[in-house]
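Please look over the sequence and the structure below before reading on. The briefing after them goes from the whole chain to single pairs of side chains.

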Amino acid sequence: YLHQDNKQYWNFKSLATNFQVRFTYHFHKSTSNDIAIYFKFLNDYLDANLYKCINIFKDDSVGLTKELLHEEFVNHILQPMRERINNTLSQDNLKSLITLISQIISTDKNLVETYHYHGNGLVSLISDEFWDAWINYEIKTVVNQFNLITNNSKELIKSGKNFIKILDKVYDYFQPFYDLNYEPLLKYKLRTCSEIYLDLSSKYLHYVLTTDSLQEKHPKEDELYQTIMKLELLNSVYNKINELANMSIFIKLTETVNQNESKEYLSVFQDVLNRYKRDMSTDLQNSIIHRTQKLLKESLQTYFKIGMWILNEISDDGARSEITNTINILKRIITRLESVEISNDLLFNIKNELLNIMINYFIESILKLNKFNKMGLNQLEIDFQSVKESLQIPYEFQNSHELGFHEILKIIDLKYNENFVHFTDSSYIKRGDFIDVKTKLDITQLSDNEIQDALFRICLLYTSPSPRDTR
């Protein structure tokens, strides 16, 4: 030992002097602009001499183990670097400071990963004051980039990909910093999470929900397509945030927050992910359904006014011409929804609700307000199936609303079935007990009141069968 009290090894001190001489020779007139070259010189020296030194001095009999030699050689070689770094840190130059700290972070990561050094790294030289300056600068830089991609409403459509690019670049840039296992850095890692990932994700959510990128004059259908676009934008960012939440750094930060605050968060992103999910599944989903419903209702006005469902034949084109425009609108909307990247659950929910809306129109505005013969009922069923097909819902899928609609048609069809004519007798209907109707017709969705209403309508609105009807 050179000094018994701090166990500084003489041979390593001598070797470090050799490095210091060479380092000083190359960089005695260097400026702060040469910071990157300092660290390259260090790496080159370690590559050439680290394992050579270990092979020369290794002697287990006197305690010079491979591990000890490895650690002490790197530790002593770093001393000239520490002195140069302290000198640079003392300069009042923000640009140099930012560059230096970034280089220190990369070098410490390289020392761990390439040279397996776990001693006192260079980051320990940086005071809180300098860390604050560095992190403030980096956060400000990212915020400025975010503001650039969100300051023009006409660029809304591009904003999702641009924001994801920012998140990816930020993560890649900070990854060496995140990988450093140095306790004093934890609070700064938490700041990047809070002031970049969480704050900007929340701001982006607000930007998308409140931005209108349409021209002053535009078709109503374009408002719907803009809402669909917003749903896709939020879904893409939601998926990116969810991906980040599973990165090791954010799992560690979640554990830290839970320990410090006695919480049980699944992720530090939990709140922002919930807000995205809520706004997608309620605000935007409901807006798409509502806007579509308005378009459908307007397009169905002619169909509602038909008034003639006592027919002698089925339309040659399948659905009646009066509902063709509605079917075409649904096809366009569903094609657009199928073309964007949204979750299958959201897509299914929208289709399901639009199906329910159309079923309600068929029941309340058509079935309950018009007279039908059997051919007219058959035409109504064809119209409905054409609507369902335009929603790209499989024929075999039937939700409770559709089952109820078909059960109403089954009951009305009793008018044309002599085997069940007693079910349409007014005295039977007034009893209000329809267990036998439910059994015979396999009714599972309709209540007794709904069955009674359908049977009464047979008596009030539906024509008697003609020879043509009963074929």
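Predicted model: local features only at pLDDT ≥ 70, side-chain atom pairs only at ≥ 80, totals over all residues.

The chain is built with 18 helices and zero strands. Its radius of gyration is 37 Å, whereas a compact globule of 471 residues would have one near 23 Å.

**Overall form**

- Along its principal axes, the C-alpha trace of the chain spans about 115 × 55 × 40 Å.
- Of the contacts between residues at least 6 apart in sequence, 75% join residues that are at least 24 apart.

**Surface and burial**

- Buried residues account for 46% of the 471 residues in the chain.
- The accessible surface of the chain comes to about 25000 Å², and carbon and sulfur atoms contribute 48% of this area.

**Charges**

- Side chains of opposite charge can pair when their charged atoms come close.
- In this chain the count of such salt bridges comes to 20.

**Salt bridges one by one**

- The side chains of Asp-168 and Lys-240 meet in a salt bridge, with a distance of 2.8 Å from N to O. Asp-168 counts as partly exposed because its relative accessibility is 30%, while Lys-240, at 9% relative accessibility, counts as buried.
- A salt bridge also joins the side chains of Glu-221 and Arg-332, with a distance of 2.9 Å from N to O. Glu-221 has a relative accessibility of 14% and counts as buried, whereas Arg-332 is partly exposed, with a relative accessible area of 39%.
- Lys-158 and Glu-155 form another salt bridge through their side chains, at 3.6 Å from N to O. Lys-158 is partly exposed, with a relative accessible area of 48%, and Glu-155 is also partly exposed, with a relative accessible area of 31%.
- Lys-109, Glu-113 and Asp-179 are linked together in a network of salt bridges.

Technical notes
Residues numbered from 1 in each chain as written. Heavy atoms only, no water. Helix = DSSP H or I, 4+ residues; strand = E, 2+ residues; numbered from the N terminus. Rg over C-alpha atoms; globule rule 2.2 N^0.38 Å. Buried < 20%, exposed > 50% of the residue type's maximum accessible area, 1.4 Å probe, protein only. Contact = heavy atoms within 4.5 Å. Areas by Shrake-Rupley, 256 points an atom, 1.4 Å probe, with all protein chains shown as cover. Salt bridge = Lys/Arg side-chain N within 4 Å of Asp/Glu carboxyl O.
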